[in-house]
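This briefing is intended to be read with the sequence and the coordinates at hand.

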Amino acid sequence: MGFLYLTQARTAIVIHLDNLAVSYMLNSETQSGEDSLNLSHVETDALFAAVSEQLGLNTFNPDDQELLKRMVESMGDSRGMVRLSFAEALGKIGKPATPLLMEAVTNHPNPVVRRASAKTLTLIADPIAVPILVNALLNDEDTVVKGSSVGALAKIGEAAVPALLKILASTEYPESAKGHAVWALGFIGAEAKEHLYREINSDSAEVRAAVVGAIAKIAEEGTEEGAFNILVNALTDASEIVRSEAAAALGSLTYRPAIPNLIELLHHDDCETRKAAALALMKIGDRTALEPLQVALTKEGEAVVQAVFKLAISQIERQLEEDAWE
């Protein structure tokens, strides 16, 4: 669950959130052959037309549970644009629709309805849905439902952070769930900073590593210098995965003040830490790292680490040559 993974995952699910229409139109072939409530397309279209008119005239009754239920059920329609239209309508209705969407995510037999309901909860971002979404992330058999649930948790924000951290701290949950939790924390970013800053001292190395990745997102946003200080301090963590995560983050952020700290790690007892430090220095690309890398190379006994040192040296030298021609 390194910084690179976090960055890729964050990008992927941001795209998922920004392109909700595409997500609703996909996977229609995997649903059961019948539309929800056994409504014909004509009947479903008539329902949506009536709802749209009421919303437009501001006469929609959010207390009409039967109507809300029919709308949720209609998200099992075989047509992706119809599912999207009902989801957007429910999103406009907002929190009054949350309980029925939570029920659908938990118990609906049609995975298409569960998917659409989780995605609609992303639009509403109601904190009361956190336990239901966590349960779906951990236990639903459908991978799209899992992904949609974590997207909703990310959009809910700070209220979802304790549950996400609990997933990371547990030994019971699969790596896939923990990877989703890492991404969500990174997406939430600065909004979760108080929780993250506290958990950097967690007893779990896995939690600390995930927190480092999320704090890197805060540092990337440039809102707090303290975030960089935490990343630099994490270079001395007792755990290799935390040190490596911090080094990767600082390298990706090209944080030059960390160069002396990274240089020190070139002589660390742990070979993975030495590799991570060299790669971070390579990404930063500062000439002051060249001589320390060359000295470290002469003392390095591991062939794999030697190769990384050589790569870092060659890449920095090439960048310096390119800069000289600009």
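The points below are grouped by topic and describe a predicted model.

The protein contains 19 helices and zero strands. Of its 326 residues, 52% are buried. Among contacts with a separation of 6 or more, 67% join residues 24 or more positions apart.

**Nonpolar core**

- The largest nonpolar core comprises 102 residues, and those with the most contacts inside it are M71, L90, I215, L231, L262, L266 and L293.
- Helix α13 (residues 205–221) supplies the largest share of this core, with ten residues.
- In general terms, nonpolar side chains in soluble globular proteins tend to be buried together.
- L90, one of the residues with the most contacts inside the core, is in contact with L68, M71, V72, M75, A97, L101, T120 and I124 when neighbours within four places in sequence are left aside.

- The axes of helix α3 (residues 41–57) and helix α5 (residues 80–93) come within 11 Å and cross at roughly 30 degrees. Because angles under 35 degrees count as roughly parallel, α3 is described as roughly parallel to α5.
- The crossing of α3 past α5 is left-handed.
- On the α3 side, the contact is made by T44, D45, L47, F48, V51 and L55, and on the α5 side by V82, S85, F86, A89 and I93.
- By class, the residues of this contact between α3 and α5 are eight nonpolar, two polar and one charged.
- Helix α4 (residues 65–73) has L67, L68, M71, V72 and E73 as buried residues. These buried residues of α4 pack against α3, α5, α6 and α7 (111–124).

- The axes of α13 and α15 come within 8 Å, with a crossing angle of roughly 10 degrees. The two helices, α13 and α15, are therefore roughly parallel to each other.
- Residues A205, E206, R208, A209, V212, G213 and A216 of α13 meet I241, V242, E245, A246 and A249 of α15.
- The residues of the contact between α13 and α15 divide into eight nonpolar, one polar and three charged.
- In α14, the residues A227, F228, I230, L231 and V232 are buried. The buried residues of α14 pack against α12 (193–199), α13, α15 and α16 (259–265).
- L231 of α14 is buried and is also among the residues with the most contacts inside the largest nonpolar core.

**Loop residue S239**

- S239 is located in the loop between α14 (225–233) and α15 (240–252).
- With a relative accessible area of 13%, S239 is buried, because the cut-off for burial is under 20%.
- Apart from neighbours within four places in sequence, S239 is in contact with A205 and R208. Both A205 and R208 also take part in the meeting of α13 with α15.

**Loop residue P96**

- P96 is situated in the loop between α5 and α6 (98–107).
- The relative accessible area of P96 is 34%, and this residue is partly exposed, because the value falls between the 20% and 50% limits.
- Not counting residues up to four places away in sequence, P96 touches P62 and L68. L68 is one of the buried residues of α4 and is also in contact with L90.
- P96 and I124 are 28 residues apart along the chain, and their C-alpha atoms are separated by 9.8 Å.

How values were computed: Residues are numbered from 1 along each chain as its sequence is written. This is a predicted model: local features need pLDDT of at least 70, side-chain atom pairs count only at pLDDT 80 or more; totals for chains, interfaces and linings use all residues. Side-chain values use heavy atoms; hydrogens and water are left out. Helices (H or I, at least four residues) and strands (E, at least two) are DSSP runs, numbered from the N terminus. Buried means under 20% relative accessible area, exposed over 50%, partly exposed in between (1.4 Å probe, protein chains only). Contact means heavy atoms within 4.5 Å. Axes are lines fitted to C-alpha atoms, for helices over the stretch in contact, and angles run from 0 to 180 degrees between N-to-C directions. Angles under 35 degrees count as roughly parallel, over 145 as roughly antiparallel, 65 to 115 as roughly perpendicular and the rest as oblique. A crossing is left-handed if the near helix is turned anticlockwise from the far one by less than a right angle, and right-handed if clockwise. Ala, Val, Leu, Ile, Met, Phe, Trp, Tyr, Cys and Pro count as nonpolar, Asp, Glu, Lys and Arg as charged, and the others, Gly among them, as polar. A nonpolar core is a set of buried Ala, Val, Leu, Ile, Met, Phe, Trp, Tyr and Cys residues joined through side-chain atoms within 4.5 Å.
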